[in-house]
Amino acid sequence: MSLSLEHLQHLIGGYTRIGLSATVSPLEKIANFLVGYEYGTPRDCLIVDVNYLKELDIEVLSPVDDIVVAYREETRLDMYRLVDDLIVEHETTLIFTNTRIGTESLVYNLKKMFPENYNSNNIMAHHSSLSKELRLEAENKLKEGSLRTVVSFTSLELGIDIGYIDLVILINSPKSVSRTLQRIGRSGHRLHEKSKGKIIVTDRDDLVECSILLKMLKKVELIR
């Protein structure tokens with residue numbers, strides 16, 4: 001693309017290049033790359049740096065009172081009940097799992113356990129192993145606001161306009177601070193709204209890991 005822009009500059013000249021990004025850094029080097037060079041000197045450009053840190057509302061939740069002594073099946077069933085409660089309390093919920101199998105399993109079990117709340121019209125899965133048509137259907141229904149929840153693996157983390165989400169649920173640890181921010185940042189895309197997320201843990205190791213993730217987020221003052 002950069003080479004094509006330089007060809008266009010040579011042919012017509014005098015056009016304006018505009019670059020937009022929420023994540024690129026360092027700005028000066030990216031700006032120079034965008035506008036290009038004229039005889040070894042960077043072309044003039046204006047950099048507008050809008051340094052805005054969105055407020056986050058993140059909690060780590062256990063589905064049982066004592067995750068150390070609870071039986072695995074008890075924890076699993078209570079996890080689904082907790083997820084259902086959270087979905088019902090919100091308008092549109094985006095759920096992330098750590099595997100494609102986990103995504104399909106979550107959709108299937110929510111439909112099975114709470115048939116009065118979930119059906120093929122208001123809950124869908126979204127991951128890279130699904131057909132393009134099914135993924136587009138889920139994305140379009142999200143934009144239209146006709147889905148109560150979508151369950152994803154990684155395919156909805158970034159780069160796709162999915163409309164308004166008011167809650168993101170992470171099932172188990174996302175394994176990194178940046179991924180936590182990326183996923184939870186998909187919610188609250190309205191002026192002055194917080195990005196709201198719940199991390200649900202299902203064993204003590206996960207509880208420790210997610211608690212440390214939350215502490216690291218607070219340490220860098222991204223949660224206010």
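The expected span of a helix is 1.5 Å times one less than its number of residues. Keep that in mind for the first stop in this predicted model.

**Stop 1: helix 7.** Select residues 204-219, which form helix 7. At 1.5 Å a residue, its 16 residues should span 22 Å, and the C-alpha atoms at its ends are 22 Å apart, so the two values agree.

Stop 2: Colour Asp206, Cys210, Leu213, Leu214 and Leu217, which are buried. These residues cover an arc of only 95° around the axis, which puts them on the same side of helix 7. To see what the buried residues pack against, show strand 3 (56-61), helix 6 and strand 8 (195-200).

**Stop 3: helix 6 against helix 7.** Select residues 177-184 for helix 6, which packs against helix 7 at an angle of about 80°, with the axes 10 Å apart. Angles of 65 to 115 degrees count as roughly perpendicular, so helix 6 is roughly perpendicular to helix 7. Show Val177, Thr180 and Leu181 of helix 6 together with Leu213, Met216 and Leu217 of helix 7, which make the contact. By class, five of the contact residues are nonpolar, one is polar and none is charged.

**Stop 4: lysine 175.** Go to the loop between strand 7 (167-171) and helix 6, where lysine 175 lies. Lysine 175 is not a glycine, yet its phi is positive, about 80°. Is this residue buried or exposed? Its relative accessibility is 58%, so lysine 175 counts as exposed.

**Stop 5: tyrosine 39.** Finish in the loop between strand 1 (37-38) and strand 2 (41-42), which holds tyrosine 39. Its phi is also positive, near 55°. At 81% relative accessibility, tyrosine 39 counts as exposed.

How values were computed:
Residues are numbered from 1 along each chain as its sequence is written. This is a predicted model: local features need pLDDT of at least 70, side-chain atom pairs count only at pLDDT 80 or more; totals for chains, interfaces and linings use all residues. Side-chain values use heavy atoms; hydrogens and water are left out. Axes are lines fitted to C-alpha atoms, for helices over the stretch in contact, and angles run from 0 to 180 degrees between N-to-C directions. Helices (H or I, at least four residues) and strands (E, at least two) are DSSP runs, numbered from the N terminus. Angles under 35 degrees count as roughly parallel, over 145 as roughly antiparallel, 65 to 115 as roughly perpendicular and the rest as oblique. Contact means heavy atoms within 4.5 Å. Ala, Val, Leu, Ile, Met, Phe, Trp, Tyr, Cys and Pro count as nonpolar, Asp, Glu, Lys and Arg as charged, and the others, Gly among them, as polar. Buried means under 20% relative accessible area, exposed over 50%, partly exposed in between (1.4 Å probe, protein chains only). The arc is that of the directions from the helix axis to the C-beta atoms.
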